[in-house]
Amino acid sequence: MNHKILLYKGEVLPAVEESKYIRQNKGFSFLHLPRELCALFVLLWGINPESFMYNWVLYAGVVVLWAGFAMISEWQLFWKTVLHPAMLLSFGWPVLLAVYAVMGHVEFPFHHLLMPIFYLMFWFYYSREDRFALKLLTFAVVAYFLLINVGTVFALRQNPDVSRLLANGDPEVTGPLASPITGGYQHIYSLTMFTVAVVGIIWYYRPKLFETIGWGLVVLLGLLVIVMSNYSFAILFVFAFSLLVLCRLPKHGGPTTAILLACCLAALVVVPNLYRIFYFIAENTDSLKMQLRFIEVGNLLSGSGITEGSDAGTRIDLYTTSLKTFLTSPLFGVGDLILKNAENPREIVGGHSIVCDYLAYYGLVGSILFHSILITNFARIEKRLDRRGRFLYLVVFVLYYAQITVNAGYNEPLIETLFLTVPSLLILTGERTAKEKQRAVSSRYLRLRKENA
């Protein structure tokens, strides 16, 4: 390991290390290369909007292959990652569902067995000293994510309802519309978190000009997809939580203070009248469907007539239905097998809120475990971020909870975005920012030393 040491004001400043991944393995390895290829397959499958139509046995096989390569290539790191208490807690969720399934309480959902793989992959690659593999996987996932955004824009231009139709649980309906680059509701609600995170990266970390332009285009593309997709809550959430991110700035001195004061003054005017902005957009939009969606968001923000022109009233009934079912069996829930023989399943479980529905399905036992896993993983990641990253990740996590309160949301794209893609972006951005500051201090020291020589 090559270290170059510089001294500045009595402090030891190690120079930035080169990537050991390429240097030691010369760009490939008998175990590392197939390991990363398997990880890439799993991660791209996880956000593929069409993956629900594929053979999950293939997916599980690649997951097992990745685990095998990871275990053999870095035995101690792999088992240290697996046996961490937070990771064992994450494995507790599929174990609980398996027990429920054996008892005839639920129909075990196969994909729940594989959900902890995203937690495991993040911590495995984060714990490695070299960041090359983490950067490679993050870049590939973000690139595919953006490709889906572009494909969704074109699909929505052809059929404005395609993203909403893909939310239908009937494969006969969604099959003809599904595509690896056309996002449905899972992608849209993942995109809200990703877009808010990118807004924060631009605002907090102040990247270089060309990077700022690139990230800005990513934000604009994300907003375009969300608005065109006609999901009222997604539109509301992405604007509301982006505004929340912009209301807190890192401490950079006088200019930032002035900007902060200006934002606060603008917020005093804008926030109470934000619903008027959506009404104004609705009035000046030619598409009738877009008008209705913006009116729905305006109604939600205004607080008056919340059920007028929107499905908010219906949703409240669905949430209430799930809570009433939960009260009939509060400890273990009623399970999901009961829905198979029901003429109208929505009269038993609303199906539009993970928080309410999981209480009905799995009771307090399952819900407490489920939320404990989410909060524990969030807390564990949050400790590894810098000050700006911690607040930004908190905003994204609260956004996720807001979304699963009003929608379904425990699926591969959302969990991968929340617990792998966004944390990786924040960690890599924070570390690079710290290294750039380190280089600046080192350069300043050398310049001062040269001047004093």
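Reader: In which element of the chain is confidence lowest, and in which is it highest?

Author: As a general idea, where pLDDT is low, the predicted coordinates should not be read in detail. This is a predicted model, and its confidence is lowest in strand β1 (residues 5–8), with a mean of 42, whereas helix α7 (residues 116–127) has the highest, at 95. For the chain, the mean pLDDT is 82, and 76% of the residues reach 70 or more.

Reader: Over residues 1–18, how many contacts beyond four places in sequence does the model have?

Author: The model has 31 such contacts for residues 1–18, although pLDDT stays under 50 there. Residues 304–310 also have a pLDDT below 50, and this stretch has 11 contacts beyond near neighbours in sequence.

Reader: Which members of the largest nonpolar core touch the most other members?

Author: Of its 115 residues, these are Trp66, Trp93, Leu374, Tyr400, Tyr410 and Phe419. Helix α11 (residues 185–205) gives the most to this core, contributing 14 residues. If residues up to four places away in sequence are set aside, Trp93 touches His112, Tyr358, Tyr362, Gly366, Leu369, Phe370, Ile373 and Tyr410.

Reader: Is Leu220 buried or exposed?

Author: Exposure is read from relative accessibility, with exposed meaning over 50%; Leu220 counts as exposed because its value is 56%. Leu220 lies in helix α12 (residues 209–228), and together with Leu209, Phe210, Ile213 and Leu217 it forms a nonpolar surface patch with about 600 Å² of accessible area.

Notes
Residues are numbered from 1 along each chain as its sequence is written. This is a predicted model: local features need pLDDT of at least 70, side-chain atom pairs count only at pLDDT 80 or more; totals for chains, interfaces and linings use all residues. Side-chain values use heavy atoms; hydrogens and water are left out. A nonpolar core is a set of buried Ala, Val, Leu, Ile, Met, Phe, Trp, Tyr and Cys residues joined through side-chain atoms within 4.5 Å. Buried means under 20% relative accessible area, exposed over 50%, partly exposed in between (1.4 Å probe, protein chains only). Helices (H or I, at least four residues) and strands (E, at least two) are DSSP runs, numbered from the N terminus. Contact means heavy atoms within 4.5 Å. Patches are made of residues with over 30% relative accessible area and no salt bridge: like charges are joined within 9 Å, nonpolar side chains (Val, Leu, Ile, Met, Phe, Trp, Tyr) within 5 Å. Accessible areas come from the Shrake-Rupley method with a 1.4 Å probe; for residues, only the protein chains shown count as cover. A salt bridge is a side-chain nitrogen of Lys or Arg within 4 Å of a carboxyl oxygen of Asp or Glu. pLDDT is the predictor's confidence in each residue, from 0 to 100.
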